[in-house]
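These are my notebook entries on a two-chain model.

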Amino acid sequence: MSPFFIGVSIILMMGVFATLFCVFRRPNILDKVLVVNLIGTNALVILILISYISNRGACLDVALAYALLSFIAIVVFARYIESRGKF
Amino acid sequence: MFDVISNSLAVLFLSVGVFFLWVGVIGVIRLPDIYSRLHAATKCDILGAGLALIGLMIYEGLSFNVLKLLLVTLLLLSSSLVVGHVIARAARRIDLVPWQENREEKLLLEKEKLFREIFKV
């Protein structure tokens with residue numbers, strides 16, 4: 001199963017780079033927050049796949065902490081932009 | 001035998017999950033508006049990552065790691081809802097207008113109509 005996991009994580013990594021290069025053209029800042037959310041989800045799945053590829057259980061804990069941190073970061077960013085008002 | 005069934009189910013779920021993650025990526029790149037992009041991104045969170053994690057749970061079998069995977073899935077399910085609501089509310093409060101087809105042409109037509117009403121042309 002390990003080559004399949006490697007292929008899946010390479011496909012997900014291509015998606016991450018595609019969003020990363022296409023978001024530079026957007027003028028709006030909330031789009032960037034949205035893309036942080038999308039990349040966070042993809043990176044979560046990639047981290048869990050890495051933990052199965054390399055047989056290391058610690059990566060699962062890293063993935064759990066990463067999900068919590070990205071959730072809190074996005075909520076804080078969105079509330080900050082909302083409170084700053086129109087720009 | 002059981003091994004073969006669980007592995008093929010895991011491959012099936014992972015492939016569907018990766019498909020939905022790519023749907024989210026393409027939606028965020030291609031759609032014209034923050035609200036519709038938000039629609040695509042939250043679908044990608046719940047369906048894509050949720051199905052991929054369910055496939056990995058089936059692959060893992062019965063062990064302690066399944067509990068962690070279940071915890072990540074539940075966290076994603078609840079956090080995706082909150083993130084979608086918070087971003088949509090911020091976009092609404094800073095007055096981002098939703099996308100309309102031929103927006104400039106409609107504005108021009110309205111101005112022309114107003115001009116004719118005022119000056120009786």
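Which residues of α2(A) meet which residues of α3(B)? I found A:Leu30, A:Val33, A:Leu34 and A:Asn37 on the α2(A) side, and B:Val83, B:Ile87, B:Ala90 and B:Ala91 on the α3(B) side. Contact here requires C-beta atoms, placed from the backbone, within 7 Å. Helices are DSSP runs of H or I of at least four residues and strands are runs of E of at least two, numbered from the N terminus.

**Conventions.** I note that this is a predicted model, in which local features need pLDDT of at least 70 and side-chain atom pairs count only at pLDDT 80 or more, while totals for chains, interfaces and linings use all residues. Residues are numbered from 1 along each chain as its sequence is written, and chains are lettered from A and ligands numbered from 1 in the order in which they are written.

**Entry 1: α2(A) against α3(B).** I looked up the geometry of this pair and found an angle of about 175°, with the axes 11 Å apart. Axes are lines fitted to C-alpha atoms, for helices over the stretch in contact, and angles run from 0 to 180 degrees between N-to-C directions. The two helices are therefore roughly antiparallel, a label for angles over 145 degrees, whereas angles under 35 count as roughly parallel, 65 to 115 as roughly perpendicular and the rest as oblique. By class, the contact residues are seven nonpolar, one polar and no charged. Ala, Val, Leu, Ile, Met, Phe, Trp, Tyr, Cys and Pro count as nonpolar, Asp, Glu, Lys and Arg as charged, and the others, Gly among them, as polar.

**Entry 2: α2(A) against α2(B).** The helices α2(A) and α2(B) pack at about 10°, with axes 10 Å apart, which makes them roughly parallel. Among the residues that meet are A:Leu38, A:Val45 and A:Ile48 from α2(A), and B:Leu38, B:Ala49 and B:Ala52 from α2(B). I recorded 14 nonpolar, two polar and three charged residues in this contact.

**Entry 3: the whole contact between the chains.** Chain A supplies 38 residues and chain B supplies 37. On the chain A side, α1 (2-22), α2 (29-53) and α3 (58-84) each give two or more residues. The most come from α2(A), with 13. I counted the classes on this side as 26 nonpolar, eight polar and four charged.

**Entry 4: the largest nonpolar core.** I defined a core as a set of buried Ala, Val, Leu, Ile, Met, Phe, Trp, Tyr and Cys residues joined through C-beta atoms within 7 Å. A residue is buried if 20 or more other C-beta atoms lie within 10 Å of its own, exposed if 12 or fewer, and partly exposed in between. The largest core has 41 residues, and those with the most contacts inside it include A:Leu30, A:Leu34, B:Ala52 and B:Ile87. Two or more residues each come from α1, α2 and α3 of chain A and from α1 (2-30), α2 (34-60) and α3 of chain B. The largest share, 10 residues, belongs to α2(A). Beyond four places in sequence, B:Ala52 touches A:Val45, B:Leu14, B:Gly17 and B:Val18.

Entry 5: Is B:Val72 buried or exposed? B:Val72 counts as buried because it has 24 C-beta neighbours inside 10 Å. This residue of helix α3 of chain B touches A:Ala63, A:Leu64, A:Ala67 and B:Leu53, residues up to four places away not counted. By comparison, I found B:Ile29, in helix α1 of chain B, to be partly exposed, with 16 other C-beta atoms within 10 Å. With the neighbours within four places left aside, B:Ile29 is in contact with A:Ala18, A:Thr19 and A:Cys22.

**Entry 6: each chain as a whole.** Chain B has four helices and zero strands. Its radius of gyration, over C-alpha atoms, is 23 Å, well over the 14 Å of the globule rule for 121 residues, so chain B is more spread out than a compact globule; the rule is 2.2 Å times the number of residues to the power 0.38. The C-alpha trace of chain B spans about 85 × 25 × 15 Å along its principal axes, and 26% of its 121 residues are buried. Chain A has three helices and zero strands, and I found 32% of its 87 residues buried.

Terms used
Contact = placed C-beta atoms within 7 Å.
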